[in-house]
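Subject: Structure for you to look at

Hello,

Here is the structure I said I would pass on. Please open it first, then read the notes below with it on screen.

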Amino acid sequence: MISRLLYCSNFSIISKSNNSFKKYWWDSNLDSAKTECITKFKLWQEAGKPSDGPIFLEKNLARKDYKKKIFQCKENSKNVVSDKLQHHLGNANPNKFWRCWKGAFNSANNFNCDVNGLRNNYEIANCFADSFKESCTPNNILKQVELKNVYYKNKAGYSKNDDIPFVNVENVSKIIDNVGLNKAPGFDGIMIEHLKFAHPSVILIVTKLFNLCLTLGVVPEKFGVGVTTPIPKFKGIRAKVTTDDFRGITISPVISKIFEHCLLLHLKDLKTSDRQFGFKKKVGCLNSIHTIRKVINYFNNKKSTINVGMIDIRKAFDKVSHFGILCMLQKLKVNINLINVLENWFSKKFAIIKWCGVLSCKIPLEAGVRQGSILSPLLFSLYVDCVLDKLENSGLGCFNNSRCYNSYMYADDLIIITTSLTHSFTTSFIIMC
């Protein structure tokens, strides 16, 4: 199916080089003006390049008209950007505002630099591959084996009478329609446009593929392969950097993302702690800051001194145990078919590092959730919920009427709030354990 989609798109859609998109304000009127200018210039050359007369005047007029239209298109494009910025600002949408700002005014990062002392792009790509492979390895192998044994022990006695959670054509079609256009393709070259503008029979085929995966508890090998691009954590330009100065953003195959959306429909009822503010709709960083400030002010008004500890769980996304996630889903009584699909998917997770147009060798990912995946935010939030549960069960820190206020999280950033330094050290020890 992938090869057929690519063949049909190449046969029916005119492709353009990447350079053609640099002047996004260019239109058909400028093409006509440019052609006219070139035609008049050639006539002037064939006439012996006269310094006056009608041919000379026509050449100059065509050139002035061409330059005037270029100037007008540039100015109009600035107005369009200004209108978009004003619209996003008026709708209180900071994400789209800054995305539009960076797209219009920020220049691309210059990666013409040393990475770990290397200059060759292929060597740098493989250096990143080794670094990401090490990052996506369990911290504790013994703990990983223990979780694996617990998972298979629970799986032997897990209920197998659940109905298979099928997906229907309507849901798949709705998901495809809701995905935005102009997204980067995966390693297979398929974009969301291939599915949106294809014959409706393609949606039927995709739906049957997804239901087959749910029935057998497996996914295609290619679903687990992602292209990871290192994104700098720093701003500006540096002559020498290391792999630790970058984070990886993974682009997965589009069809696998559609399947993730389908699985999300069956996992959407799973809830995380109210003290976790990350990855939730209509809740953001400002909400967590406001809540913490209210808690601190409340205890201060009760004449209590508050101690605040801020902990960044280092490489939390990369170190999440796959079997830990599966055990957590078993504990939440998730359908066995969904767990089997995720188990098989985790076993097929690979990454290819892309650096300056060069691809590295394929590396296995034995731990972690991908930043950029559809299911990753939910799975990560559910996994780290145990930290908040531990802190609540400890009985330490700030409580009021048996309600816990001693800890809050925003994704992998943790804040603990206590009324004594002794509690602060104890809660830190609980987290490390």
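Of the 433 residues in the protein chain, 39% are buried. Please keep in mind that this is a predicted model. The chain has 16 helices and twelve strands. Its accessible surface is about 26,300 Å², and carbon and sulfur atoms account for 55% of that. I also looked at contacts between residues at least 6 apart in sequence: 72% of them join residues at least 24 apart.

The interior

The largest nonpolar core has 58 residues. The members that touch the most others are V172, L195, F210, I258, F259, L263 and L329. Helix α15 (residues 376-394) gives the most to this core, namely eight residues. Another core, of 15 residues, lies apart from it and includes V115, I124, A125 and W355.

Leaving out residues up to four places away in sequence, F210 touches V167, V172, F223, I255, I258, F259 and C262.

N211 sits in helix α9 (residues 201-216). Is N211 buried or exposed? N211 has a relative accessible area of 16%, and the limit for buried is under 20%, so N211 counts as buried. Beyond its neighbours within four places in sequence, N211 is in contact with F166 and V167. N211 and V167 are 44 residues apart in sequence, while their C-alpha atoms are 6.3 Å apart in space.

There is also a nonpolar patch on the surface, formed by L212, L216 and V218. Together these three have about 270 Å² of accessible area. V218 belongs to the loop between α9 and β2 (225-232), and at 32% relative accessibility V218 is partly exposed.

Salt bridges

Side chains of opposite charge can pair when their charged atoms come close. The structure holds eight salt bridges; here are some of them.

- E36 and K40 meet through their side chains at 3.7 Å, N to O. They are four residues apart in helix α2 (residues 28-46), so about one helical turn separates them. E36 is partly exposed, at 39% relative accessibility. E36, K40 and E58 are linked in a network of salt bridges.
- D65 and K69 form a salt bridge at 3.6 Å, N to O. Both are in helix α3 (residues 54-90), four residues apart, about one turn of the helix. D65 is partly exposed at 34%, and K69 is partly exposed at 29%.
- K155 and E343 form a salt bridge at 2.9 Å, N to O. K155 is in helix α6 (residues 141-156) and E343 is in helix α14 (residues 336-346), so this pair ties together parts that are 188 residues apart in sequence. E343 is buried, at 16% relative accessibility.

Cysteines

A disulfide is a covalent bond between the sulfur atoms of two cysteines. How many disulfides are there? The count is zero. C404 is buried, with a relative accessible area of 8%, whereas C356 is partly exposed at 45%.

Regards

Technical notes: Residues are numbered from 1 along each chain as its sequence is written. This is a predicted model: local features need pLDDT of at least 70, side-chain atom pairs count only at pLDDT 80 or more; totals for chains, interfaces and linings use all residues. Side-chain values use heavy atoms; hydrogens and water are left out. Helices (H or I, at least four residues) and strands (E, at least two) are DSSP runs, numbered from the N terminus. Buried means under 20% relative accessible area, exposed over 50%, partly exposed in between (1.4 Å probe, protein chains only). Contact means heavy atoms within 4.5 Å. Patches are made of residues with over 30% relative accessible area and no salt bridge: like charges are joined within 9 Å, nonpolar side chains (Val, Leu, Ile, Met, Phe, Trp, Tyr) within 5 Å. Accessible areas come from the Shrake-Rupley method with a 1.4 Å probe; for residues, only the protein chains shown count as cover. A salt bridge is a side-chain nitrogen of Lys or Arg within 4 Å of a carboxyl oxygen of Asp or Glu. A nonpolar core is a set of buried Ala, Val, Leu, Ile, Met, Phe, Trp, Tyr and Cys residues joined through side-chain atoms within 4.5 Å. A disulfide is a pair of cysteine sulfur atoms within 2.5 Å.
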